[in-house]
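Please consult the sequence and the structure as you read.

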Amino acid sequence: MAVLTIRNVPEEVHRALRVRAAVHGRSTEAEVRDILELAVKPEERVRMGDALAELGARVGLTNEDFEVFDQVRDKVPAKPMRFE
């Protein structure tokens with residue numbers, strides 16, 4: 001896990017964080033983690049797998065359509081990169 005230090009937080013913001021944490025029954029640190037997670041990973045974010053599944057359903061793709069990819073796919077293992 002990464003460690004994040006935030007300096008120069010105004011006292012009224014720190015106090016509000018402590019109150020909010022108490023209301024939610026957790027530590028100030030846990031409250032800040034929750035706030036940060038909600039800010040960068042909101043519930044309404046687009047999830048790539050869901051978006052691709054919706055697109056496939058909209059154009060009418062079936063599992064049989066994807067079997068073609070397995071038939072034409074190059075099955076030769078890729079060579080590892082060399083850094084020399």
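At 25% relative accessibility, Asp34 counts as partly exposed (buried is under 20% relative accessible area, exposed over 50%, partly exposed in between, with a 1.4 Å probe and protein chains only). This is a predicted model, in which local features need pLDDT of at least 70 and side-chain atom pairs count only at pLDDT 80 or more, while totals for chains, interfaces and linings use all residues. Residues are numbered from 1 along each chain as its sequence is written, and side-chain values use heavy atoms, with hydrogens and water left out.

Q: Which residue forms a salt bridge with Asp34?
A: A salt bridge is a side-chain nitrogen of Lys or Arg within 4 Å of a carboxyl oxygen of Asp or Glu. For Asp34 the closest N and O atoms are 3.1 Å apart, and the partner is Arg26.

Q: Is Glu31 buried or exposed?
A: Glu31 forms a salt bridge with Arg20, with the closest N and O atoms 2.6 Å apart. Arg20 is partly exposed at 37% relative accessibility. Glu31 has 0% relative accessibility and therefore counts as buried.

Q: Which residues are linked in a network of salt bridges?
A: Arg26 forms a salt bridge with Glu31 and another with Asp34. Glu31 also forms a salt bridge with Arg20. The network consists of Arg20, Arg26, Glu31 and Asp34.

Q: What is the relative accessible area of Met48?
A: Met48 lies in helix α3 (helices are DSSP runs of H or I, at least four residues, numbered from the N terminus). Met48 is exposed, and its relative accessible area is 59%.

Notes
Helix = DSSP H or I, 4+ residues; strand = E, 2+ residues; numbered from the N terminus.
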